[in-house]
Amino acid sequence: MDGIDLDSFDAVPEVAGIADTWWRGTDSLIAIYRGEAEVMHAHPCRTATIYAGLDAWGLRGLDT
């Protein structure tokens, strides 16, 4: 997780929080889950899921 470069991504304010955050790029989303790992002092258990190759709908979601 420490190797993920988020410099070219914008935080998604709707889900911004201490435990979980989402980041939006030009064609991808990154979900970072770290809250439980930090509470349990298990930093290696932090995870990130990368959704790449998204189109405009995939980045926008269900809002219109």
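## Strands and an aromatic pair

Tyr33 lies in strand β3, which covers residues 28-33, in what is a predicted model. With a relative accessible area of 30%, Tyr33 is partly exposed, because a residue counts as buried under 20% and as exposed over 50%, with partly exposed in between. The C-alpha atom of Tyr33 is separated by 9.0 Å from that of Cys45, a residue 12 positions away along the chain.

Strand β3 belongs to an open sheet of 4 strands, whose order is β1-β2-β3-β4 and whose pairing is antiparallel. The edges of this sheet are formed by β1 (10-11) and β4, each of which pairs on one side only. Between β1 and β2 the antiparallel pairing extends over 2 bridges, and here Asp10 stands opposite Arg24, a residue of β2.

How many aromatic pairs are there in the model? The count comes to 1 aromatic pair. This pair is formed by Trp22 and Tyr51, whose rings are stacked, with 5.9 Å from centre to centre and 5° between the planes. The pair links distant parts of the chain, since Trp22 sits in strand β2 (residues 20-24) and Tyr51 in strand β4 (residues 47-52), 29 residues apart.

| Residue | Relative accessible area | Class |
|---|---|---|
| Trp22 | 25% | partly exposed |
| Tyr51 | 36% | partly exposed |

Trp22, at 25%, is thus partly exposed, and its stacking partner Tyr51, at 36%, also counts as partly exposed.

Definitions and conventions
Residues are numbered from 1 along each chain as its sequence is written. This is a predicted model: local features need pLDDT of at least 70, side-chain atom pairs count only at pLDDT 80 or more; totals for chains, interfaces and linings use all residues. Side-chain values use heavy atoms; hydrogens and water are left out. Rings of Phe, Tyr and Trp (its six-membered ring) pair if their centres lie within 6.5 Å; planes under 30 degrees apart count as stacked, over 60 as edge-to-face and the rest as tilted. Buried means under 20% relative accessible area, exposed over 50%, partly exposed in between (1.4 Å probe, protein chains only). Two strands pair if DSSP finds at least two bridges between them.
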